[in-house]
Amino acid sequence: MITYIIRRLFAAVVLLFIISAATFSIFYLVPRLVGSTPETLATRYVGRAATPETVHLIAEKLGFYDPIWLQYGRWVKGIFFGADYDLGATVEHCPAPCFGYSFITKTPVWPDLVDRIPVTLSLAIGAAILWLIFGLSIGTLSALRRGSFLDRAAMTFSLAGVSLPIFFTGMIGLLVFSYKLGWTAPGGSYTDFTESPSAWAYALLLPWIVLALQFSAQYARLTRAGMLETMGEDYIRTARAKGLPERDVTVKHGLRAALTPILTIFGLDFGLLLGGAVLTEQVFSLPGLGKYAVDAITNNDLPKVLGVTMMAAFFVVIANLIVDLLYAVVDPRVRLG
Amino acid sequence: MPDGQAFLEVKDLKIHFPTDDGLVRSADGLSFKLERGRTLGIVGESGSGKSVTSLGIMGIYNKRNSQISGEIWLDGDEIVSAGQETVRKLRGNKLAMIFQDPLSAMHPYYTVGHQIIEAYQVHHNVSKKVARKHAIDMLGRVGIPQPDRRVDDYPHQFSGGMRQRAMIAMALVNDPQLLIADEPTTALDVTVQAQIMDLMHDLQAEFNSALIVITHDLGVVAELADDVLVMYGGKCIEYGSASTIFERPEHPYTWGLLGSMPRMDRPTQDRLVPIPGSPPSLINLPQGCAFSPRCAYEPQTGGLGTTVPPELVRAGGSNHLVRCHLPTEERQRIWAEEVKPKLEAQ
């Protein structure tokens, strides 16, 4: 078990390095491929008014003339030891962990990310609880009453849920529940949990529901398919032959086995969400990682985009790692196999 | 027991499944009796309705997609008309079942001990500790070495034979009075098969339970059964004591089964003789006798075989029933003069 954990941890670290190298290469090479030069990159940071000499100087000081691997090395070094950015007039210090420095807002990226993680985390956890409760129970009931009216209604509803994009359901939700009925908070009213838990929940209620709607639909279908399969297994017949109440047969034996593959998908989905629920945060103006990424992209703020991408990758890798470890707990055959 | 009723009495049991293609008659009017301490072997090919019958007796069927009728009396209580909750409380308690493939029949995510403890605790209001002690005791009784350690192993950590032993322990943990074993040895290799059969025989004697062994393996029947019921197309086509069925069988299908059975007690053996054709679909049974398309003696029925379904009637011996149009003397003659010598010559 210990070697299994160590092996997985090691793989996760290696994976993160590969991802960082790939992401870095993309963000620093692609602009050059489409015609950007170190000078035009530097122009973006010092402004168009600067003289060519100044631009050249800044580009040199920021290391834009250096080969890609050197720039990458410097960036990685910054994560562990911090970095200094010489902007000519001032030298900006970016303390470790330095995930880049935005020359547009003149701020290090890391503190921004740290500020936004709680928002995205709140959104993701709340929605995940909702969609697991609804998705699993609807899916299970559907499977048990296969072909019934309830099953058909649930599956039609979930097809709609899967198909309707969040920017549609979110907008409709805002229009009806926030602006017409006034039951939920309007967009952009996020309050920190530590400030006021009730305001926090009030602001997030609609985003949770809208996000959970889409995932519940998907999870209901997954659970239904999984349950239909496991409820036909021999060990379910054995459980019945023991005289277990049908409820225990379904939950302890059926659902328990059906949950394993769902756990994998949940890990991926949850990890992805932590990297930024882009659409939901955008629709509801939640200041999370997703909105941060959208804003950074619109402003062409490459260091921010790179930082938030790394953050997202980090969450996905960590979520996968946790799923792998959980798998060993959930399925005893993994432990020795 | 009221009015001389047997411990287990099945009367005209029908289990039908309506499907889009038609009505599947998996069990179609089965009747038999079984006393405690006795063993009934139910024999038949795949798809003859053996397993459905056993699940029907256990009360494991989905009321939404099956129709069940008839009577099953267990120790004076009727099960078919009883409520689901009543039958559930009997299940695993008074009547228990052993399944064919112990690897797929045990839950892969729970330890063997957990699964036995669970079976015990459903029917006994005891602490986990007490149930665990009972489970360990039971594992020891079915011959699992170091039961106090193996109790925490998962099914995949057991060998095939050990798993079947654990399965038996799970079925016997509540001292059932009726035990149904559905192909208990099919998934096991030959030496283990013999061990498991010995074990079941010993345990049956110890618990004085009634045992139903469902199998397509006549060897298992010869080993364990007191009485034999031969099933074909959802119906009983021959019933009698084991010695009758093996020594004076009267149904051509039973002759075929015997002819297709490997005999280790015979010195010379050329080839096994298969029964021609394949088992009938339970939806469209052949007109008349279900076995007629595969029966070599069908021409001797004078056309009855393909037109009129035969009744289950008394055969030559006492307590011997057969469902065949051939006259009794004719059947006895064919067996004695044609079939038996051939089988012995094999």
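This is a predicted model: local features need pLDDT of at least 70, side-chain atom pairs count only at pLDDT 80 or more; totals for chains, interfaces and linings use all residues.
1. **Chain A overall.** Chain A has 14 helices and 4 strands. Its C-alpha trace spans about 85 × 55 × 40 Å along the principal axes. Of the 337 residues in chain A, 39% are buried. Take the contacts between residues at least 6 apart in sequence: 65% of them join residues at least 24 apart.

2. **Two domains in chain A.** The chain is divided into domain 1 (2-98) and domain 2 (110-336). Their centres, taken over C-alpha atoms, are separated by 34 Å. Domain 1 of chain A puts 14 residues into the contact, and domain 2 of chain A also puts in 14 residues. On the domain 1 side, α1(A) gives the most, with 11 residues. That side of domain 1 has 10 nonpolar, 2 polar and 2 charged residues.

3. **Ser25(A), a residue of α1.** Ser25(A) sits in helix α1 (residues 2-33) of chain A. Is Ser25(A) buried or partly exposed? It counts as partly exposed, because it has 14 C-beta neighbours inside 10 Å, and a buried residue needs 20 or more. Tyr72(A) is 47 residues away from Ser25(A) in sequence. In space the two are 8.0 Å apart, C-alpha to C-alpha.

4. UniProt, in an unreviewed entry, places "domain: ABC transmembrane type-1" at residues 117-327 of chain A. In the model those residues are 81% helix and 0% strand. The end C-alpha atoms of that stretch are 26 Å apart. An unreviewed UniProt annotation, "transmembrane region", covers residues 9-30, 119-144, 156-179, 199-217, 257-279 and 305-330. Two of these spans can be compared with the model. Residues 9-30 of chain A are 100% helix and 0% strand, with end C-alpha atoms 31 Å apart. Residues 119-144 of chain A are also 100% helix and 0% strand, and their end C-alpha atoms lie 38 Å apart.

5. **Helix α6 of chain A.** This helix runs over residues 149-163 and has 15 residues. From first C-alpha to last it reaches 21 Å, close to the 21 Å expected at 1.5 Å a residue. Which residues of α6(A) are buried? They are Ala154(A), Ser158(A) and Gly161(A). These cover an arc of only 50° around the axis, so they are on the same side of α6(A). The spacing fits a general rule. An α-helix has 3.6 residues a turn, so residues three or four places apart point the same way. On the other side of α6(A), the exposed residues are Phe149(A), Ala153(A), Thr156(A), Ala160(A) and Ser163(A).

6. **What covers α6.** The cover over the buried residues of α6(A) includes α5 (109-144) and α8 (197-230) of chain A. Ala217(A) gives a view from α8, the helix in which it is found. Ala217(A) counts as buried because it has 25 C-beta neighbours inside 10 Å, where 20 or more are required. Leaving aside neighbours within four places in sequence, Ala217(A) is in contact with Ser158(A), Gly161(A) and Val162(A). Ser158(A) and Gly161(A) are among the buried residues of α6(A). Pro118(A) lies 26 Å from Ala217(A), C-alpha to C-alpha, and 99 residues away in sequence.

7. **Chain B.** Chain B is divided into domain 1 (108-174) and domain 2 (253-345). The centres of these two domains, taken over C-alpha atoms, are 43 Å apart. An unreviewed UniProt entry places "domain: ABC transporter" at residues 8-258 of chain B. Over that stretch chain B is 40% helix and 27% strand. The end C-alpha atoms there are 28 Å apart.

8. **Where the chains meet.** The contact takes 23 residues from chain B and 17 residues from chain A. Which elements of chain B each supply at least two residues to the side that touches chain A? They are α2 (84-90), β6 (95-98), α3 (102-105) and α4 (112-123) of chain B. With 4 residues, α4(B) gives the most to that side. By class, the side of chain B that touches chain A has 12 nonpolar, 6 polar and 5 charged residues.

Methods: Residues are numbered from 1 along each chain as its sequence is written. Chains are lettered from A and ligands numbered from 1 in the order in which they are written. The expected span of a helix is 1.5 Å times one less than its number of residues. A residue is buried if 20 or more other C-beta atoms lie within 10 Å of its own, exposed if 12 or fewer, and partly exposed in between; C-beta atoms are placed from the backbone. The arc is that of the directions from the helix axis to the C-beta atoms. Two residues are in contact if their C-beta atoms, placed from the backbone, lie within 7 Å. UniProt positions are given in the numbering used here, feature names are shortened, and annotations may be inferred rather than shown by experiment. Domain bounds come from an automatic or database domain assignment. Ala, Val, Leu, Ile, Met, Phe, Trp, Tyr, Cys and Pro count as nonpolar, Asp, Glu, Lys and Arg as charged, and the others, Gly among them, as polar.
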